[in-house]
Amino acid sequence: MIATIITLIARRLVAAIPILLIVSALLFCVLRALPVDPAAMSLPPNATIAEIDAKRHEMGLDRPLPEQYAIWLRGALHGEFGQSIQFHRQAGSLVATTLPATIQLALAAMVIAAILGLGGGLILFRVRGTILEPAADLFSIVLLSIPEFLWGLILLFVFGVALRALPFTGEVAPGLPVPHITGFLLLDSLLIGRFDVFLSACRHLVLPAVALGLAFSPTIMRVLRSSLFDVYHEDYIQQARLRGLSERRILVGHALKNAALPTLTLTGVQFGILFSGTLLVEVIYSYPGMGNLMVDAVRNADLPLIQTIGLTYCVVVLLINTAVDSLYVVLNPKLRLR
Amino acid sequence: MPGPLARSLRSPRVLIALGMILCIAGCAIFSGFLAPHDPDEQNLLSILTPPAWATGADPSYLLGTDSLGRDVLSRLIYGARTAMLVAFFASLGAMVIGTILAHISGYFGGAVDWIIGRMVDVWMSFPPVIFSLILMVGLGVGLSKVILAIVLVDWTRFCRVLRSEVLIVTRNDYVAAARLLGFTHWQTILREVLPATLPLVITLVSLEMAIAVVVEAILSFVGLGVGADQPAWGQMIADARQYVYQSPSNLLLPIMAIFLTVTAFNLLGDGLRRTLDARLAETGR
């Protein structure tokens, strides 16, 4: 079985390569079509035309587009993504320092989305056929229609500004040290034994993570409810009832186990979307992750950095989808035979 | 059984949503009459004044002023114009491209279908927010640029969903009959396939409008939206985010505006989906 899974993952990864190539080429073309000149931008304003031309030649900007792409691709395969224009640092290392913060936020949000989705889905299922059903239904529609951008702002307003219950700027209170060991602040603060930093980081993570989690829980809720509906039409549920099992045991022991599969697949797909949703939440809460770096790069037309971050988002989303596909096969015996 | 349109207009969801949308659209169309001030007029002597019911308010600014002394109410009303323009034209554009490609893809099948399908795959492997940000770097700020960016990102939403619907419709006997009667392919698509997929198209447009409103707000919030000369809810939020303790209402009001608009479009989409789709309407779910 392990061999099957490995073959499957390998096949998915190979299938992702052409997509990545096309995406990176597309990204390259869009960014080269811009009316900005990276050579002129990386020189001081009093540079002469000749100096700019020399710089253009040095950066390879005077060559044909396919050749430029080939040069960039060769560099990318060696981990060289070019130099950021505004920070004068390697774009790859800038991404590497901000990516852990974004992953930490995405994971925390995913856990919250899963808990809310599971709880909400069970509640939606339990109220079926009662007078509460239309209300719960409408409620889930309203929840479904609020994107993470609005949740971020609403939570910021209610808990940050009106109630002043939680901090809403940055990843840790100002004045506290920010250790850099693994890049994951929650882990690092424990590694250096600073419990106060850990606590502050947790408090700063609550609002962004909940905002993101709330935006993605309704889809999980609705899929869990409809898969539970489907499962309850199966014969084995009737049989369990005839055997005299309590409704609770039917739900926990039989129905939930079978309804979990479609829910889990969807949760995985959602995780891919959720990951790119971190960008907005990071901007709203000034959370120092990859999303804020991206917006910074976009505002300053920092092409190498935009390109690197854009590609990183695509790669992470593709990797998540590959992992979800494989997990699906592991959990679904019917697919393993093929 | 009443027609689908009449059925839709009796659904409370659709009616409530239409009422809300009419109000917002009214603000958008008549913003010149409704707004008490010029939305760009700065009054640096009275910046960040609170709404009229709070202490220290200036009665000529009903909902207070922002950090440049501009009237918040007027900016909210003109912001509705920006949001509605983007919602209308962006979803229309995405619909036209997505629907045409979906019908070609699903009807003809084969190599065309494969190419369009792979195009959608590549497009969708790009997270939409990242994609639209990158496009805005390329296009520059401005109302038409925002619309274009949304169209270029979101046509896939229509294409993907509609293609499978077209596939189902095309298998019907009446489509084959139309071909036997001597209809050309294009006549068949226009007269036989499109009417059957239209309910889904309308529903998708309504949902896309909600998405467009949010995307416009996001781009304006980041500073890559319609541009500084055009009032937009996203800009108002970005401005208020900096002075959140001095003037919390400035943050709350545009959030509420976006929330109500998005909810209205989604409610409309949900109501239409339930009433226009014959299969859903019969089961009553």
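## Exercises on a predicted two-chain model

Of the 338 residues of chain A, 36% count as buried (20 or more other C-beta atoms within 10 Å of the residue's own, with C-beta atoms placed from the backbone). The model is predicted, with local features requiring pLDDT of at least 70 and side-chain atom pairs pLDDT 80 or more, while totals for chains, interfaces and linings use all residues. Residues are numbered from 1 along each chain as its sequence is written, and chains are lettered from A in the order in which they are written.

**Exercise 1.** Describe the secondary structure and extent of chain A.

*Solution.* Step one: chain A has 14 helices and zero strands, where helices are DSSP runs of H or I of at least four residues and strands are runs of E of at least two, numbered from the N terminus. Step two: along its principal axes, the C-alpha trace of chain A spans about 90 × 55 × 40 Å. Step three: among contacts in chain A between residues at least 6 apart in sequence, 72% join residues at least 24 apart; a contact requires C-beta atoms, placed from the backbone, within 7 Å.

**Exercise 2.** Characterise the side of chain B that touches chain A.

*Solution.* Step one: 32 residues of chain B are in contact with 33 residues of chain A. Step two: the elements giving two or more residues to this side of chain B are α5, α6 (128-139), α9 (185-222) and α11 (248-276). Step three: α11(B) supplies the largest share, eleven residues. Step four: this side of chain B divides into 25 nonpolar, five polar and two charged residues (nonpolar: Ala, Val, Leu, Ile, Met, Phe, Trp, Tyr, Cys and Pro; charged: Asp, Glu, Lys and Arg; polar: the others, Gly among them).

**Exercise 3.** Describe the packing of α2(B) against α11(B).

*Solution.* Step one: helix α2 (residues 12-29) of chain B and α11(B) pack at an angle of about 145°, with their axes 8 Å apart; axes are lines fitted to C-alpha atoms over the stretch in contact, and angles run from 0 to 180 degrees between N-to-C directions. Step two: the contact includes B:I16 and B:M20 of α2(B) and B:A264 and B:L268 of α11(B). Step three: by class, this contact has 13 nonpolar, three polar and two charged residues.

Definitions and conventions: Two residues are in contact if their C-beta atoms, placed from the backbone, lie within 7 Å. A residue is buried if 20 or more other C-beta atoms lie within 10 Å of its own, exposed if 12 or fewer, and partly exposed in between; C-beta atoms are placed from the backbone.
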